[in-house]
Amino acid sequence: FDQAYQLFKSVIDQAAFVALDGEFTGIDTDQRGGIDIYEPLAQRYEKTSKASIQDDEYPTDPKDAKLKQPISPVVKNYLMMQCGLCIFVANEDKKSYYVFPQSNNTSAKKNIFSCQVSSIKFLSQHKFNFNKVFSDGITYLNPIEEAERRQKITEKMKVAWEKEDEKYNTAKGNKCPYQLSFKITDSDEPFVKETIQLIDGWLSDDSKKTLQFPSCSGCTDKNMLPETVRDDSGIYILAKKCNEKEKEEAIEEKFKALLSDLDAAVGFCKVIKLLHEANVPVVGHNMLHDILHIIHQFIAPLPSDYQEFKEIVNATFPKLYDTKLMATTEPIKTYFSDSSLAAAEKRSQSEPFRAVPIEISKDIATDFNDIYHDAGYDAFICGTIFARMLYHYDSLTENENGCCNLQCQILQAFNSKIKIHRMADIPYLNIGGDDVCPSRDHIFVMHFKQLWPVNKIYDYFSAFGGAKLVSIDEASYYIVLSDEKQSANVLQTLVGEYQDYTLQSFESYRLEKVSSTTKRTIDSISNAVRS
């Protein structure tokens, strides 16, 4: 890891952009349930239960299932166990890229995480190296955990100093230097006398700096002698003469060793810190889960508040680009009937996209693993797709600047926007600003007291230009008018409570749900106070 980290550190400042990808122990929550395609984005983020994908609905590639379920439980239950980073460096003529892919396996600390059978099976089929994760996984402590650990070390060393002072003062006032605070058995008495004689002789001989005690039983070891040394030859007791300065230096060395261990434990978080400080564009494909896990594992636990989450992400990575969103949005949407990573890479090799020569750095060429679903390789493919898209965007402008024009106006429209799935009319999260807020005046909610046949519902709204039905639950539907101009007519003539059903506007339904949620929260607080 240290070698890879130093390579990453030496190149990151030259980066045109960095592509990333992650592999996870799971992508779905334990509970099952439906996803509301018209729910607020904050609600999608904050949900702590229910998932939409049933066992028979899993796609071939788990990445295609990202964000088809509520966010929070997926991130908190599962682990990003591999993070691939690929640095793209443009040469002077902006015609090619030098690439530095790096797959970093990240191990869980002493926490608990879940594994989803379908995800593990999928990764296994693609030759994922689980042994490397669990045997050689890079440790990590996020900044909050690092600060807590650092404070504990400082407090521990403060106590150590206080104990040394206490030992010194006690010894100074003790008339019998070998006075014991515990009773010894008759069988141990010869050992104690022999040891005292050995110490007396050592203390009187200034030429001897250290004293190694004879081997003794584990019991005697534990009860009578405070410190042991372990090496290849076994366990033994070693005493060392030292003055006050030397004692201070010994404690300082111990303190430095603890801080060095802490720095090693920070591990992969140092890479994320470098990526943040470099302030370079970060590129991913369908990257919301990647970002969520990176924040949760390497920055700070995900907040419950959606806006706070956006602020943390924007402060960490202010330049995010999602190639999945780019492939499903004009001006290139029509070229990508399939926007999965492999399909997008294949499609971007042909017209109207231009070839972008890519040279893999000799520093990592021997370690380059060209297998899909290895996070490093997926990051490389994602960056390659981005480079080709970027070149095409630039060709559509009046003043072409080459294949690495990150200031291209078309590209800037995608800055800090991340693809989200299973939302009817909101295609992305806008991390850097306000989210899309589409008009839903043409959407109504129909609750049935006695369920109608679907054909009857369609016939009922045919007089208003027809409608699409979206199931909410067993007795409720969203009614989405095909002709939005008919919204006012439906509002005036059909909205209300009737014998078989109740029809209400979308806004009325939303406010009703908010009110219901608020009431449940107040009731739970009241019950907690009373109990």
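**Exercise 1. In helix H11, which residues are buried?**

Solution. 
- Start with the extent. In this predicted model, H11 covers residues 288-299, which makes 12 residues.
- List the buried positions. They are Leu288, His289, Asp290, Ile291, Leu292, His293, Ile294, Ile295, Gln297, Phe298 and Ile299.
- Check the count. It comes to 11 of the 12 residues, and H11 is mostly covered.
- Now test the geometry. From the first C-alpha to the last, H11 reaches 15 Å. At 1.5 Å a residue, 16 Å is expected, and the computed span is close to that.

**Exercise 2. Which residues gather with Asp305 in a patch of negative charge, and where is Asp305 found?**

Solution. 
- Name the members. The surface patch consists of Glu46, Asp305, Glu308 and Glu311.
- Classify its exposure. The relative accessible area of Asp305 is 35%.

**Exercise 3. Asn279 is not a glycine; what is its phi, and in which loop is it found?**

Solution. 
- Read the angle. Phi of Asn279 is positive, about 55°.
- Find the loop. Asn279 falls between helix H10 (269-278) and strand S8 (282-284).
- At a relative accessible area of 36%, Asn279 is partly exposed.

**Exercise 4. Is Ser416 buried or exposed, and what is its phi?**

Solution. 
- Read the angle. Ser416 has phi near 65°, a positive value in a residue other than glycine.
- Find the loop. Ser416 is placed between helix H16 (409-412) and strand S11 (417-419).
- Apply the cut-off. Buried means under 20% relative accessible area. Ser416 has 4%, so it is buried.

Technical notes:
Residues numbered from 1 in each chain as written. Predicted model: local features only at pLDDT ≥ 70, side-chain atom pairs only at ≥ 80, totals over all residues. Heavy atoms only, no water. Helix = DSSP H or I, 4+ residues; strand = E, 2+ residues; numbered from the N terminus. Expected span 1.5 Å × (residues − 1). Buried < 20%, exposed > 50% of the residue type's maximum accessible area, 1.4 Å probe, protein only. Patch = residues over 30% accessible without salt bridge, like charges linked within 9 Å, V, L, I, M, F, W, Y side chains within 5 Å. Areas by Shrake-Rupley, 256 points an atom, 1.4 Å probe, with all protein chains shown as cover. Salt bridge = Lys/Arg side-chain N within 4 Å of Asp/Glu carboxyl O. Lys, Arg positive; Asp, Glu negative; His and termini not counted. Charge placed at Lys NZ, Arg CZ, Asp CG, Glu CD.
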